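Reader: I have not looked at this one before. Can you walk me through it?

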Amino acid sequence: MQGTKVVRPFPFFRAGARASQPQLAKPILVLEDVYKFFRPDQPTLRGVNLSVERGEFAFITGPSGAGKSTLLKLIYRELGVDEGRVLFCGRDIARLTDKSIPFLRRNLGIVFQDFRIIDHWTAYENVAVALEILSMPQRLVRSRVAEALERVGLAGRGAERTSNLSGGEKQRVAVARAIVPEPALILADEPTGNLDPHLAIDILTLFEEINTTGTTVLFATHDHSLISKRDHRLISIDEGRVVEAQHGLKQWPGSGIHTLVG
Amino acid sequence: MDVKSAITRARRGLREERRLYIVAVTSLAVAFLCLGATLLGVTNLDAAATRWGQSGRITLFLKDDADPQDIAQLRVVLEGLADVSNVTHVTPDEARASFLEEADVGADLSSLPPEVFPASLEVTLVRGVTRERSESIASRLAQFRAVSDVESYRSWFQKLDHLLWGARMLAVGLAVLVVFCVVAVIGNTIRLAVARRRQEIEVMKLCGATNGFVRGPFVLEGMFQGFASALLAVLALLAGYLSLHESVDGTLAALTGSRVVFLSVWTLVALLAGGALIGAIGSAMSVRRYLSV
């Protein structure tokens with residue numbers, strides 16, 4: 001029966017799932033010589049080469065307008081590349097047809113600065129939508145949503161309307177929605193941009209906890225106070241080019257954080 | 001598309017947008033009511049035409065100098081036909097008397113010359129004789145020596161046919177108009193609903209929803225609007241029919257010999273199913289352009 005069938009086109013994409021050894025050995029995400037133009041003479045991304053291993057946590061940083069969001073949009077295919085390749089689990093997602101894009105996104109968890117949750121829905125409904133899309137049975141949806149809400153610190157608050165929640169709680173609901181289908185990769189686009197510093201650290205810690213279960217996290221931010229507190233890999237984008245440091249600011253070449261955030 | 005999930009989301013959509021949908025459904029119900037009323041008119045005209053067509057009559061006007069033996073022979077032939085149920089001989093005096101009794105034009109008609117009222121044989125056909133068969137009998141009877149003229153009421157039936165054709169064309173025209181109305185109104189209603197739920201669509205698409213998943217509830221909502229509008233119109237029409245048919249029936253029976261009939265079950269099913277189908281199509285068309293998130 002279709003009502004109980006779980007549509008999961010790339011099962012090997014799922015974190016900790018039955019991926020073969022050769023698949024596990026490959027980086028989860030590879031960008032090869034990627035160019036993106038919004039104006040013909042001024043590329044937003046110019047020749048970006050990047051490789052992200054399975055289970056990694058990486059910050060993507062750079063000044064506003066540097067191309068952080070553009071890079072993430074290329075990964076969840078809101079935008080297409082103009083040149084180069086984007087390989088997700090070895091597949092070139094730049095070549096996906098429009099009909100295949102939803103199946104790519106089922107393997108990604110996406111979190112935004114503006115939360116993008118539906119205010120007149122309950123927290124439960126906001127999280128459950130990610131599983132309803134997979135045609136998962138309601139019994140399973142209930143248990144998985146409850147589990148996800150518990151993981152983000154909102155246990156027992158599923159029945160509350162999200163319009164009544166604080167900013168930090170709304171972002172937790174968005175994180176729960178991102179993690180509930182157990183995606184292979186989480187893309188967080190300035191998820192702490194609308195939160196105060198204390199809540200920002202809480203949300204970052206939440207993403208780190210998710211990362212410990214094997215989920216790869218790409219965390220875009222221009223908040224240097226967050227970056228300076230952690231030793232994660234740093235991917236900085238400036239004028240469309242990528243500069244990297246494997247262990248946070250300690251290894252950052254040049255004059256430190258100010259070169260990163262402008 | 002998961003139908004159960006689509007139904008659940010459509011129910012939520014209908015609940016959230018109920019005011020918008022109530023306005024759309026009532027507007028469309030008026031359009032369906034116009035179509036239903038025209039169909040009701042066509043159905044009743046059709047019923048009357050069928051009834052008159054089946055209870056056919058032929059009048060054989062006899063020559064003034066017709067031999068009584070020829071007339072008697074003609075009667076025997078007529079009464080021997082399986083399609084004939086009754087034959088009545090009307091003399092010129094009886095014809096004059098009957099005319100003066102029925103005609104009420106406010107003028108003195110007693111001085112009309114005798115040749116205006118020829119003797120005739122009024123032939124009543126059995127029920128169910130088709131118009132074509134009636135024409136064929138009439139043309140054969142015209143060959144008899146005693147017959148001067150045959151009236152098979154063909155021109156009268158032709159007029160009725162024209163009237164019916166006109167009514168049917170009106171119904172077709174109205175049906176086309178109603179289809180456009182339904183597509184436009186439901187399309188615009190769904191477009192408004194989509195605009196109001198744009199964030200939901202965006203969230204669903206980012207979570208990996210296919211176009212079918214997003215479109216499903218909107219199509220169901222459009223289908224429901226179309227069905228509800230048609231149902232509302234049918235119920236209003238039925239209420240009108242039940243409250244009026246008692247008083248109209250007697251007059252109509254006296255005038256035409258037939259009674260008022262309501263729309264057939266198939267017409268009702270077609271109205272309801274058509275409403276749902278057009279609603280679904282209008283909705284699918286309007287939601288298509290909002291799916292590229």
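Author: What follows is a short tour of a predicted model, taken topic by topic.

Reader: What scores does the model get for ipTM and pTM?
Author: The ipTM is 0.84 and the pTM is 0.71.

Reader: And chain B, what is its mean pLDDT?
Author: Chain B has a mean pLDDT of 84, and 91% of its residues reach 70 or more.

Reader: Where in chain B is confidence lowest, and where highest?
Author: Helix α4 of chain B, residues 92–102, is lowest with a mean of 79. Helix α9 of chain B, residues 265–288, is highest at 91.

Reader: Switching to chain A. How many helices and strands?
Author: Chain A has 9 helices and 10 strands. Of its 262 residues, 44% are buried.

Reader: What share of its contacts join residues at least 24 apart?
Author: The share is 69%, counted among contacts in chain A between residues at least 6 apart in sequence.

Reader: Which strands form the open sheet in chain A?
Author: There are 4 strands, in the order β2-β1-β4-β5, with antiparallel pairing. The edges are β2 (42–52) and β5 (91–92) of chain A, each of which pairs on one side only.

Reader: How many bridges between β4(A) and β5(A)?
Author: They pair over 2 bridges, in the antiparallel sense. A:Leu87 stands opposite A:Asp92 of β5(A).

Reader: What about A:Val86, buried or exposed?
Author: A:Val86 lies in β4 of chain A, residues 83–88. It is buried, because it has 23 C-beta neighbours inside 10 Å and the cut-off for buried is 20 or more.

Reader: Which residues is A:Val86 in contact with?
Author: Leaving aside neighbours within four places in sequence, its contacts are A:Leu31, A:Val34, A:Leu74, A:Ile75, A:Val81, A:Asp92, A:Ile93 and A:Ala94.

Reader: How many Å separate the C-alpha atoms of A:Val86 and A:Ile118?
Author: They are separated by 31 Å, and the two residues are 32 apart along the chain.

Reader: Back to the sheet for a moment. What is the phi of A:Asp33?
Author: A:Asp33, in strand β1 of chain A (residues 29–39), has a positive phi of about 50° although it is not a glycine. A:Asp33 is exposed, with 12 other C-beta atoms within 10 Å.

Reader: Which residue has a positive phi near 55°?
Author: That is A:Ser135, which is not a glycine either. A:Ser135 lies in the loop between α4 and α5 (138–151) of chain A. It is partly exposed, with 19 other C-beta atoms within 10 Å.

Reader: Now β6(A). How many of its residues are buried?
Author: The count is 5 of 5 for this strand, residues 108–112. A:Leu108, A:Ile110 and A:Phe112 are buried on one side, and A:Gly109 and A:Val111 are buried on the other.

Reader: Which residues have the most contacts inside the largest nonpolar core?
Author: They are A:Val127, A:Ala176, A:Leu187 and A:Leu218, in a core of 82 residues. The element that gives the most to this core is α4(A), with 7 residues. A second, separate core has 37 residues, including B:Val182, B:Phe227, B:Ala276 and B:Val287.

Reader: What does A:Leu218 touch?
Author: Not counting residues up to four places away in sequence, A:Leu218 touches A:Val52, A:Ala58, A:Ile60, A:Leu72, A:Leu187 and A:Ala188.

Reader: How many residues of the two chains are in contact?
Author: 14 residues of chain A are in contact with 14 of chain B. On the chain A side, α3 (101–105) and α4 (123–132) each supply at least two residues. By class, that side has 7 nonpolar, 3 polar and 4 charged residues.

Reader: Last one, α5 of chain B. Which residues there are buried?
Author: In this helix, residues 131–141, B:Ser134, B:Ile137, B:Ala138 and B:Leu141 are buried. They sit on the same side of α5(B), because they cover an arc of only 100° around the axis. The face turned away from the buried side carries the exposed residues B:Glu132, B:Ser139 and B:Arg140.

Reader: And what do the buried ones pack against?
Author: They pack against β1 (57–62), β3 (120–125) and β4 (147–151) of chain B.

Definitions and conventions: Residues are numbered from 1 along each chain as its sequence is written. Chains are lettered from A and ligands numbered from 1 in the order in which they are written. This is a predicted model: local features need pLDDT of at least 70, side-chain atom pairs count only at pLDDT 80 or more; totals for chains, interfaces and linings use all residues. Two residues are in contact if their C-beta atoms, placed from the backbone, lie within 7 Å. Ala, Val, Leu, Ile, Met, Phe, Trp, Tyr, Cys and Pro count as nonpolar, Asp, Glu, Lys and Arg as charged, and the others, Gly among them, as polar. A nonpolar core is a set of buried Ala, Val, Leu, Ile, Met, Phe, Trp, Tyr and Cys residues joined through C-beta atoms within 7 Å. pLDDT is the predictor's confidence in each residue, from 0 to 100. The arc is that of the directions from the helix axis to the C-beta atoms. Two strands pair if DSSP finds at least two bridges between them.
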